[in-house]
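Hi everyone, thanks for coming along. I'd like to walk you through one structure today, going from a single contact out to the whole chain and back again. Please have a look at it while I talk.

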Amino acid sequence: MVVVQHSNFLGSLLESAVASHCSLFGRAVHAQILKTHHTPLPSFLCNHLVNMYSKLDHLTSAQHVLSLTNTRTVVTWTSLISGCVHNARFVSALHHFSNMRRECISPNDFTFPCVFKALSSLQMPVTGKQVHALALKGGMIYDVFVGCSAFDMYSKTGKTGLLIDASKMFDEMPGRNLATWNAYISNAVLDGKLLDAIGAFKELLCLNGEPNSITFCAFLNACSDMSSLELGRQLHAFVIRGGYREDVSVSNGLVDFYGKCGDIMSAEMVFSRIGRKNVVSWCSMLAALVKNHEEERACMVFMRAREEGVEPTDFMISSVISACAELGGLEFGRTVHALSVKACVEENIFVGSTLVDMYGKCGSIENAEQVFGEMPMRNLVTWNALMGGYAQQGDVDMALHLFEEMTLGNCGITPSYVTLVSILSACSRARAVERGMQIFESMRVNYGIEPGSEHYACVVDLLGRSGFVERAYELIKRMPIHPTISVWGALLGACRMHGKTKLGKIAAEKLFELDPDDSGNHVILSNMLASAGRWEDATLIRKEMKEIGIKKNVGYSWIAVKNKIHVFQAKDNFHEKNHEIQAMLDKLKGEMKKAGYVPDTNLSLFDLEEEEKASEVWYHSEKIALAFGLIALPLGVPIRITKNLRICGDCHSAIKFVSGIVGREIIVRDNNRFHRFKDGWCSCKDYW
């Protein structure tokens with residue numbers, strides 16, 4: 001009796017080792033078992049040892065214990081198989097299942113679910129059918145857990161043509177528990193059968209079934225995939241009425257749903273009412289804000305999470321780095337990068353890819369290259385991120401070199417739709433017409449990718465920038481797909497650059513049809529006519545805008561100083577350092593005039609006298625932001641300015657002069673590309 005109690009105690013200690021993930025403690029208990037028991041060990045303890053070693057991913061030790069066990073039962077084998085599945089060693093799980101069958105041991109209701117999970121993960125439906133037949137032969141298939149796992153296997157391998165089998169399996173099940181319903185609803189969502197998922201949820205309620213957090217989250221995923229805000233709100237009401245609102249998993253699902261459907265206010269309301277937020281709560285709120293272009297608020301939520309002691313995860317880090325990328329917040333992005341190193345997630349492929357993307361979008365291509373080079377593994381997203389960084393810099397040589405390394409080198413990665421957009425964009429910014437056209441024309445043959453509207457937009461931009469505006473228009477007329485806003489926008493930009501007012505008017509009229517509410521197209525046409533001295537036509541365009549109710553997008557420029565964003569508009573005089581800013585602007589104007597700067601008054605939007613035009617262009621938002629940067633940032637620190645619209649020609653020329661006069665590196669990111677000014681030159685070579 002004492003020996004049995006002692007064995008039970010040792011068995012419970014082995015279970016504790018599994019629960020605490022402590023293999024050292026488990027080995028100590030194993031040593032105590034060997035010290036106090038004669039060999040062969042009782043099968044009861046052998047089962048515990050096999051379970052402990054396999055669950056803690058020490059498969060060699062588990063197999064060694066198994067080989068020393070005289071009486072191997074289904075429990076012994078199932079412990080080993082379930083441990084393999086638990087640690088995603090699915091091939092090993094099937095190998096041990098085969099060995100068990102060779103010993104003529106019949107699987108039980110715990111063995112089959114493990115085997116079905118391994119088969120679904122390995123996408124082996126044919127073997128799955130064989131195991132299904134074995135379960136049917138042994139009468140186990142009628143067990144609700146075995147039946148549910150078989151159904152889940154058929155659903156997850158449904159892409160291979162077994163969805164009909166999955167449906168039959170579900171219909172023929174004599175009893176369905178909640179796990180079965182959850183499997184049906186979740187797999188229907190994954191297969192894009194959203195109405196089936198919603199119908200199953202309603203059927204579950206009609207059968208007086210009690211849904212749980214998994215059911216609700218699956219239903220919310222269906223609603224978000226359908227963009228059905230109203231249906232999701234109905235479920236939210238059901239959750240409140242049923243008393244499930246305290247379930248943090250359900251609340252997290254609601255935050256995610258509202259974020260995906262664009263209702264950020266409701267997402268924040270649900271988030272604020274979560275009593276005990278977990279890391280998923282913070283990640284869901286961050287993702288919702290980033291998705292809805294609330295990047296600054298996403299950074300604030302991240303800082304709140306850190307203040308509350310939340311340890312950053314790879315998903316959280318990726319989300320906030322994406323926010324920094326869109327804001328151009330390099331300094332805060334570097335802080336988050338440091339946190340990722342501290343949290344040991346910087347080598348995660350998703351974190352690494354977002355870091356490459358962030359540094360590329362913030363104009364720090366050297367840091368992007370460094371992160372890229374230090375990543376132990378890279379996927380297509382990583383390569384695309386660095387290629388996109390080179391494209392924004394207009395560095396076509398490096399973009400093409402990277403493209404060739406990716407496709408022709410040891411990597412052998414096939415480019416995607418996005419890859420070719422990036423490489424064509426790089427060619428466009430560098431006016432590499434011959435190379436760009438060669439890549440565009442070989443897309444179908446070399447990579448099996450049909451050119452889309454984004455590719456055509458890049459090629460139209462490439463031809464237009466290079467002066468082949470008529471050729472670009474001919475390409476549009478030959479397009480096999482309907483030209484999109486981006487295609488006509490590229491042509492309009494080319495017409496503005498080269499003064500092709502007649503063709504520009506055709507492009508603008510097409511844009512007015514496709515997107516009548518976008519003020520930018522009206523403004524570009526108006527400015528183009530004004531530059532050509534056609535003031536009456538330009539005034540007429542602006543009058544039409546006013547009559548229709550279209551308002552011009554306000555231009556903003558912003559600069560980050562000590563992790564604080566300072567935003568400026570044209571003629572802005574509300575900043576707390578306005579006196580110093582105006583003094584700096586006056587000083588720069590005098591020094592630039594001595595250096596030969598002449599304002600480009602063609603870019604003034606009004607029919608004014610030359611002196612008034614010069615004053616009009618001098619107080620653009622990017623110049624004010626630059627003046628603030630010069631007084632707020634210490635010498636030697638690059639000045640980084642972001643603008644929501646494209647930088648104008650006069651500001652581009654002025655900043656070139658300033659970079660030479662003050663001896664500072666100035667980086668401007670507009671809505672089109674990066675401009676790196678140094679010693680009186682710009683990286684774009686005036687191809688803006």
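Let me start with a question: over the ring of which residue does the charged end of Arg-471 sit? It is Phe-468, and the distance from the charged end to the ring centre is 5.7 Å. There is another arrangement of this kind at Arg-378, whose charged end sits over the ring of Phe-372, 4.2 Å from the centre. Before going on, please keep in mind that this is a predicted model.

Now the overall picture. The protein has 688 residues, and buried ones make up 49% of them. Its secondary structure comes to 37 helices and six strands. The C-alpha trace spans about 105 × 55 × 50 Å along the principal axes. If we take contacts between residues at least 6 apart in sequence, 62% of them join residues at least 24 apart.

As for domains, the division gives domain 1 at 185–310, domain 2 at 378–450, domain 3 at 458–548 and domain 4 at 556–682. Between the C-alpha centres of domain 1 and domain 2 there are 38 Å.

Next, a helix I'd like you to look at: H14, residues 229–241. Its 13 residues reach 18 Å from the first C-alpha to the last, close to the 18 Å expected at 1.5 Å a residue. Which residues of H14 are buried? They are Leu-231, Gly-232, Leu-235, His-236 and Val-239. These residues cover an arc of only 150° around the axis, so they are on the same side of H14. And what do they pack against? The partners are helix H12 (194–206), helix H13 (213–225), helix H15 (248–260) and helix H16 (264–272). Just after H14 comes Gly-243, with a positive phi of about 80°.

On to the aromatic side chains. Ring pairs join Phe-201, Phe-216, Phe-219, Phe-238 and Tyr-244 into a cluster. In total, the structure holds 17 aromatic pairs. One of them is Phe-403 with Tyr-447, an edge-to-face pair at 5.9 Å centre to centre with 80° between the planes. This pair links distant parts of the chain, since Phe-403 is in helix H24 (residues 396–408) and Tyr-447 in helix H27 (residues 443–447), 44 residues apart. Phe-403 counts as buried because its relative accessibility is 3%. Tyr-447, at 23%, counts as partly exposed.

Another pair is Tyr-597 with Trp-618, and this one is tilted: 6.2 Å centre to centre, 50° between the planes. Here, too, distant parts of the chain are linked: Tyr-597 is in the loop between helix H34 (578–595) and helix H35 (610–618), while Trp-618 is in helix H35, 21 residues apart. Tyr-597 is buried, with a relative accessible area of 7%, and Trp-618 counts as buried at 4% relative accessibility.

Let me finish with one more residue, Ser-61, which has its place in helix H4 (residues 59–67). Is Ser-61 buried or exposed? With a relative accessibility of 19%, and the cut-off for buried being under 20%, Ser-61 counts as buried. Leaving aside neighbours within four places in sequence, Ser-61 is in contact with Arg-27 and Tyr-53.

Conventions:
Residues numbered from 1 in each chain as written. Predicted model: local features only at pLDDT ≥ 70, side-chain atom pairs only at ≥ 80, totals over all residues. Heavy atoms only, no water. Helix = DSSP H or I, 4+ residues; strand = E, 2+ residues; numbered from the N terminus. Buried < 20%, exposed > 50% of the residue type's maximum accessible area, 1.4 Å probe, protein only. Contact = heavy atoms within 4.5 Å. Expected span 1.5 Å × (residues − 1). Arc of directions from axis to C-beta. Phe/Tyr/Trp six-rings, centres within 6.5 Å; stacked < 30°, edge-to-face > 60°. Lys NZ or Arg CZ within 6 Å of the ring centre and 35° of its normal. Domains from an automatic or database assignment.
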